[in-house]
Amino acid sequence: MKQIFVSPLLFLLQCSCIFTQAPAMSPVPPAQSSGPASLPPAQSTPPAPILPPAVVSAPAPGPPGPPNVVNILGKAGPYSTFIKLLQITQEIGEITSLLNNSNSITMFVPSDGAFLNLKIGTLNSFSDQQKAELVKFHILPSYYSLSQFQTASNPLHTQAGGTTNREFPINITTNGTAVNITTGILNASVSSTIYTDNQLAIYQVDKVLLPLQFFVPPAPAPAPAPVPSKPKKKDPSSDSASVNVVSSGATSLLPHMMFRAMVYPGCFFFFFSVWFVCMS
């Protein structure tokens, strides 16, 4: 029994000696993380050179458009009545078209005060066609500077019509720097220059230019000259008829003449001679 209890004890002592004599275990290295592998440090690159901003050339400007007549008059002064006439008659479109096609014009523009000086109801009495003609009557189809009026040849043609048979001409005379306009109804003067370039000239006038044709109708056209008639041929039968009439007349007077000769013997020879002439 003692051997049975001693042997386990000896076994435990031997095991403890074995454990004490065994070499120490090397430390376990720490476990590597399961994350992504770290990248090698990036190589530094030199900074890119800073370039100046590219200069974009602007497109070349196109040719300037024609002057805007409404804007010019609106900024220049009290010309609202004439501007309204330009718009309601649609003449502003024609003016713009002329300027777009490089045509030159000269305009005479009355101020609002000039329209107020008209006889009451004058402007409203004009028909739509007359209002359009009134606007055109203030426009010359050529460019005139103030100095060029000195050599202008009268009468001047306006946009409203020609210069013959009382159509729509005006006459312009100068006295030094003064420019006078005659329409046949009234005389007006250029007050100031509103705008001028080599294509368009706009002048203020102190009166509304009224055309003569609005108040005096055109002279009637001369009647055509009568066509000369051809001479008629002489009918020989008419001569014989006249002879017969004379003969018959003389014959009918013969008894009467004979009675006179019997009553007045002194007249016998006179009546005989008359009878002889008629019968010959």
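Predicted model: local features only at pLDDT ≥ 70, side-chain atom pairs only at ≥ 80, totals over all residues.
Visitor: What is the strand order in the open sheet?
Guide: Strands (E, at least two residues) and helices (H or I, at least four) are DSSP runs, numbered from the N terminus. Two strands pair if DSSP finds at least two bridges between them. Here six strands run in the order β2-β1-β6-β5-β4-β3, with mixed pairing. The edge strands, β2 (139-140) and β3 (171-175), each pair on one side only.

Visitor: How many bridges join β5 to β6?
Guide: Five, and the two strands run antiparallel. S192 stands opposite Q204 in β6.

Visitor: Which residues of α2 are buried?
Guide: Buried means under 20% relative accessible area, exposed over 50%, partly exposed in between (1.4 Å probe, protein chains only). In α2 (residues 69-76), V69, I72 and L73 are buried. They share one side of α2 because they cover an arc of only 90° around the axis, taken from the directions from the helix axis to the C-beta atoms. On the other side, G74 and K75 are exposed.

Visitor: Which residues form the aromatic cluster?
Guide: Rings of Phe, Tyr and Trp (its six-membered ring) pair if their centres lie within 6.5 Å; planes under 30 degrees apart count as stacked, over 60 as edge-to-face and the rest as tilted. F108, Y144, F149 and Y203 form one cluster. The count comes to seven aromatic pairs.

How values were computed: Residues numbered from 1 in each chain as written. Heavy atoms only, no water.
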